[in-house]
Amino acid sequence: MDTFPPGTATLLEELDKKLMVLLRDGRTLIGYLRSVDQFANLVLHDTIERIHVGREYGDIPRGIFIIRGENVVLLGEIDSMKESILPLEEVSVDDILEAQRREQESKHEHEKLLTKTLKDRGLTYAPDLGHDDLF
């Protein structure tokens, strides 16, 4: 008896492969798939969290990571040949976290300006919904 839903069963073929997982909260994880269940919950081993800002990236070691299937947006195998020729520059964790903080502050300032501009025109903007819809 097959206990896995059709889409989850194909994940069994990805066991022990290096995968990139994009989460609902926007984080990107890279690690080796060690386990999957009928709910598409994942266990990654030797996991890193990769943070991208512009053309730079930094990796934060996370170890073993358990991910609820409902939080996975995108999942794909890492091609080690292509990974070695990334057109990105690796920077230290401190540098990438600082760049991420500056980027978030810039986005926040932009949202404040957009909200004020729309309010002046009688419209409202709901940035807390996680997307850029106008209401």
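E98 has a relative accessible area of 31%, so it counts as partly exposed (buried is under 20%, exposed over 50%, and partly exposed in between, with a 1.4 Å probe and protein chains only). Helices here are DSSP runs of H or I with at least four residues, numbered from the N terminus.

A quick word on the ground rules. This is a predicted model, where local features need pLDDT of at least 70 and side-chain atom pairs count only at pLDDT 80 or more, while totals for chains, interfaces and linings use all residues. Residues are numbered from 1 along each chain as its sequence is written, and side-chain values use heavy atoms, with hydrogens and water left out.

Now slide along to E109 and K112, which are also three residues apart in helix 3, about one turn. Salt bridges that share partners tie E98, R101, R102 and E105 into one network. As for E109, its salt bridge with K112 has the closest N and O atoms 3.8 Å apart. E109 is partly exposed at 47%, and K112 is partly exposed at 46%.

What does R68 form a salt bridge with? The partner is E70, with the closest N and O atoms 3.4 Å apart. R68 counts as exposed at 51% relative accessibility, whereas E70 is partly exposed at 49%. In total, the structure holds 11 salt bridges.

Methods. A salt bridge is a side-chain nitrogen of Lys or Arg within 4 Å of a carboxyl oxygen of Asp or Glu. Helices (H or I, at least four residues) and strands (E, at least two) are DSSP runs, numbered from the N terminus.
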